[in-house]
Amino acid sequence: DDEEDNEVLDKSIEDALRVCSGLSLLDSSGHISVHRLVQAAVRREASPGDFELAAAALSRAAEGIRGEDLPIEARGNNLLPHLEAALAYFDSPDMQLKARMAIALSMRYNALGAFETAVRYAVVASTAAAQEPTEHYLSLALSRHANSVGALGDHEQQKSLLLRALTIDEHALPADHPRIAATLSNLADAFGELGDYEQQKSLLQRALAIQERAFSPDHPTIAVTVGNLAV
């Protein structure tokens, strides 16, 4: 009887492991991933709207992580698998949310120096934003993409992407909006890397004019632009 019970138990375990494998719940060493098991359960039991709420919360958390505080930075990095899993199983019609999630991932991977991964998520964000269309997220996605390809040394593509972002910003935003100044500053960097210092200076001057209208005289952003102009 004990032997028969053990055979039944062994078959039950094999069946359970087969199910886990089919759901990608087994890691490379054959252990069951509780992380993936919880994800599968949440996907199965979540109510309509829960996904959007959770994905937006994850995106906000990832967007809010900055490098000045290392413990917070580490917690932000721990969010990456969750945000990536949410994006992988994205089944919402909300393309703005999909773009936001991908932008957050691109931003985090860019900060980690994983520029090729950052580019991949920036492309996902651009594709999603273009479907809506959502000018705000499309501009952000293009800027993220530009930052990463610039870090990889492709300054021509960086320039091209930022010119597209600038066109969107100038169409969608007031002329003195700080984001236009940010795009101008990033574009100036691209021109500088390409050796076009006159254009770099012109763009920085345009950015500074906007920043001086938008910020107080002692704002650090103004100091950065003034410093870049002095180089």
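**Close-up 1. Salt bridge between R179 and D169 in the predicted model.** The closest N and O atoms of R179 and D169 are 2.8 Å apart, a salt bridge being a side-chain nitrogen of Lys or Arg within 4 Å of a carboxyl oxygen of Asp or Glu. The pair links distant parts of the chain, with R179 in helix α10 (residues 178-193) and D169 in helix α9, 10 residues apart. Helices (H or I, at least four residues) are DSSP runs, numbered from the N terminus. Both R179 and D169 are buried (buried, under 20% relative accessible area; exposed, over 50%; partly exposed, in between; 1.4 Å probe, protein chains only).

**Close-up 2. Salt bridge between R206 and E170.** Here the closest N and O atoms lie 2.9 Å apart. R206 belongs to helix α11 (residues 197-214) and E170 to helix α9, so the pair ties together parts that are 36 residues apart in sequence. R206 is partly exposed, at 38% relative accessible area, and E170 is partly exposed at 41% relative accessibility.

**Close-up 3. Salt bridge between E156 and K159.** The side chains meet at 3.6 Å, N to O. E156 and K159 both lie in helix α9 (residues 155-172), three residues apart, about one turn of the helix. E156 is partly exposed, with 46% relative accessibility.

**Notes to the views.** A search of the whole structure finds three salt bridges. Residues are numbered from 1 along each chain as its sequence is written, and side-chain values use heavy atoms, without hydrogens and water. In this predicted model, local features need pLDDT of at least 70 and side-chain atom pairs count only at pLDDT 80 or more, while totals for chains, interfaces and linings use all residues.

Methods: Helices (H or I, at least four residues) and strands (E, at least two) are DSSP runs, numbered from the N terminus.
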